[in-house]
Amino acid sequence: MKASEYAVLVRTYGRLFRNSLRDIQRHSRLKIAFCAVSLLAFGAGAYFLAWEGFRFLGSFPVIGPFLAERLLYVFCYCLFALLLASTLVTAYLVFYKSEDQILLLTLPLSWEAVWTKKFLEVLTFSAWALLFLALPFLAAYGRFKKAGTLYYLLGPLHFAGMAWVSCAL
């Protein structure tokens with residue numbers, strides 16, 4: 001795949017992204033504010049619920065930290081299963097049912113460029129919810145374990161890897 005093919009895709013989807021941002025500006029400010037406040041409230045609520053759960057588990061003298069660690073493993077496993085199901089559905093819709101397929105096939109692109117673009121689209125569409133659900137939980141676990149800065153920097157990379165593996169399957 002040539003760099004010029006990437007340039008065509010970036011230019012085309014950059015225009016679509018700018019048009020989407022302009023479309024958001026057409027919505028009322030109240031609607032945008034409500035969505036932003038709801039998003040922040042969900043994140044804060046998920047963080048505090050996870051933090052309280054970890055604190056409760058930590059109150060058990062010997063087995064508490066072990067249970068908290070196992071809870072993290074189960075949480076990651078459940079998220080991966082949900083991500084895999086989401087990726088399967090999203091991949092079907094993106095590869096076979098999307099309306100931009102005709103546009104992409106009329107552009108002077110190789111099949112590898114179209115496949116790469118579709119793969120990244122599946123990755124972003126299926127993985128945004130994973131990060132949205134996982135970040136508050138990871139932050140609470142890091143606070144429970146008194147983790148350093150490196151934990152908070154590398155934690156999202158772990159889930160990015162999970163998303164990449166689920167899309168590659």
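Student: Which residue forms a salt bridge with Asp23?

Tutor: Start with the general idea. Side chains of opposite charge can pair when their charged atoms come close. A salt bridge here is a side-chain nitrogen of Lys or Arg within 4 Å of a carboxyl oxygen of Asp or Glu. Asp23 pairs in this way with Arg26, with 3.5 Å between the closest N and O atoms.

Student: What kind of model is this?

Tutor: This is a predicted model, in which local features need pLDDT of at least 70 and side-chain atom pairs count only at pLDDT 80 or more, while totals for chains, interfaces and linings use all residues. Residues are numbered from 1 along each chain as its sequence is written, and side-chain values use heavy atoms, with hydrogens and water left out.

Student: Is Arg26 buried or exposed?

Tutor: Buried means under 20% relative accessible area, exposed means over 50%, and partly exposed lies in between (1.4 Å probe, protein chains only). Arg26 has a relative accessible area of 66%, so Arg26 is exposed.

Student: How many salt bridges does a search of the whole structure find?

Tutor: The search finds 3. In one of them, Arg55 meets Glu52 at 3.6 Å, N to O. Both lie in helix α2, 3 residues apart, about one turn of the helix. Helices are DSSP runs (H or I, at least four residues), as strands are (E, at least two), numbered from the N terminus. Arg55 is partly exposed at 44%, and Glu52 is partly exposed at 40%.

Student: Where do Glu121 and Lys117 lie?

Tutor: Both are in helix α5, 4 residues apart, about one turn of the helix. Glu121 and Lys117 are both buried.

Student: How do I read a nonpolar core? Which residues touch the most other members of the largest one?

Tutor: In soluble globular proteins, nonpolar side chains tend to be buried together. A nonpolar core is a set of buried Ala, Val, Leu, Ile, Met, Phe, Trp, Tyr and Cys residues joined through side-chain atoms within 4.5 Å. The largest here has 28 residues, and Phe54, Leu79, Leu130 and Phe159 touch the most other members. Helices α2 (29-58), α3 (64-96), α5 (111-145) and α6 (149-168) each supply at least two residues of this core. The most come from α5, with 11 residues.

Student: Which residues make the nonpolar surface patch?

Tutor: Patches are made of residues with over 30% relative accessible area and no salt bridge; like charges are joined within 9 Å, nonpolar side chains (Val, Leu, Ile, Met, Phe, Trp, Tyr) within 5 Å. Areas come from the Shrake-Rupley method with a 1.4 Å probe; for residues, only the protein chains shown count as cover. Phe56, Phe60, Val62, Ile63, Phe66 and Leu67 make a nonpolar patch of about 590 Å². Phe60 sits in the loop between α2 and α3. At 34% relative accessibility, Phe60 is partly exposed.
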